[in-house]
Amino acid sequence: MKTVFLLNLKSSMKDMYLLFWSILMPFAAIIALRIFLPSYSGDYVEGIIAVSVFFYSFMTTAFIALSQRKRGVYNLLHATPMPLWKYIVSVSSSWSVIAIILSYIVLLFALVINQLKFSFNVLFYMTPIILIASLSFVFLSFFISSLVKNEGHLSMTANVLMIPMLLCSNAFFTMEKAPNFIQYISLVNPFEWFLNGIKAAFLNNFSTWGESLLLLIGCLALTLIISLKTFKYSDQ
């Protein structure tokens with residue numbers, strides 16, 4: 001597992017999707033908010049971090065998983081004694097480590113640009129939330145990549161799932177004045193649980209932080225089972 005983890009970590013660091021979606025886009029959003037909405041720019045740091053991690057852990061890894069399946073990488077698992085669950089946990093853990101590093105980079109950039117005060121307690125409480133949430137999103141990406149046959153189908157399928165999760169959250173718009181059914185959706189939205197956990201880490205709100213962590217752990221167990229049950233070694 002350690003070898004798979006390290007090899008996957010090294011190869012993933014060279015991915016261009018990582019640079020564009022998870023670093024350049026958040027940087028552009030932080031700068032744009034600072035220029036056009038300077039009074040509110042600091043209020044969106046948690047949302048930008050959450051979206052960055054979400055895009056990487058779900059969208060980017062889904063494309064990587066599909067690419068590896070199409071190249072026949074997963075067929076090689078039949079020739080090794082490694083159980084499927086160990087392989088999935090190994091590669092997912094490496095992607096989650098990258099997600100945590102990305103969140104630190106985005107957070108540091110936002111702090112510098114917006115000249116915000118910072119406490120290391122934020123990192124202490126934010127890190128397990130990102131670890132559990134990113135693992136859940138990666139497991140979900142294995143499921144989505146198993147449903148499609150090419151990159152076009154994957155893009156459409158992923159967006160059908162991602163856009164409602166983003167819109168039915170408090171990342172950039174408040175849900176207080178949203179229709180009741182939208183608020184109900186937000187209650188069962190894993191991205192909203194993730195966002196609430198990060199916000200609670202910033203505010204030292206331990207009850208909300210603990211609640212978000214427990215919900216995400218439940219989501220983690222469910223998505224792991226789904227990814228194992230639906231995993232496809234090839235398109236044959």
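Student: Where is Ile-31 found, and does Ile-31 count as buried, partly exposed or exposed?
Tutor: This is a predicted model, in which local features need pLDDT of at least 70 and side-chain atom pairs count only at pLDDT 80 or more, while totals for chains, interfaces and linings use all residues. Residues are numbered from 1 along each chain as its sequence is written, and side-chain values use heavy atoms, with hydrogens and water left out. Ile-31 is found in helix H2, where helices (H or I, at least four residues) and strands (E, at least two) are DSSP runs numbered from the N terminus. Buried means under 20% relative accessible area, exposed over 50%, and partly exposed in between, with a 1.4 Å probe and protein chains only, so at 35% Ile-31 counts as partly exposed.

Student: How much accessible area does the nonpolar surface patch with Ile-31 have together?
Tutor: Patches are made of residues with over 30% relative accessible area and no salt bridge, joining like charges within 9 Å and nonpolar side chains (Val, Leu, Ile, Met, Phe, Trp, Tyr) within 5 Å; a salt bridge is a side-chain nitrogen of Lys or Arg within 4 Å of a carboxyl oxygen of Asp or Glu. Accessible areas come from the Shrake-Rupley method with a 1.4 Å probe, and for residues only the protein chains shown count as cover. Ile-31, Ile-35, Phe-36, Leu-37 and Tyr-40 form this patch, and together their accessible area is about 540 Å².

Student: Is Leu-33, whose place is also in helix H2, buried or exposed?
Tutor: The place of Leu-33 is in helix H2. Its relative accessible area is 16%, so Leu-33 is buried.

Student: How far apart in space are Phe-137 and Phe-191, C-alpha to C-alpha?
Tutor: Phe-137 is found in helix H5 and counts as buried, because its relative accessibility is 2%. Leaving aside neighbours within four places in sequence, Phe-137 is in contact (heavy atoms within 4.5 Å) with Phe-54, Ser-57, Phe-58, Met-165, Pro-190, Phe-191 and Phe-194. Phe-137 and Phe-191 are 54 residues apart in sequence, and in space their C-alpha atoms are separated by 9.1 Å.

Student: How far apart are the end C-alpha atoms of H9?
Tutor: The expected span of a helix is 1.5 Å times one less than its number of residues. For the 25 residues of H9 the span should therefore be 36 Å, and this agrees with the distance between its end C-alpha atoms, 36 Å.

Student: Which helices are included in what covers the buried residues of H9?
Tutor: Among the buried residues of H9 are Trp-209, Leu-213, Leu-216 and Thr-223. What covers the buried residues of this helix includes H4, H5 and H8.

Student: What phi does Asn-204 have?
Tutor: Asn-204 is found in the loop between H8 and H9, and Asn-204 is partly exposed, with a relative accessible area of 39%. Although Asn-204 is not a glycine, its phi is positive, at about 55°.
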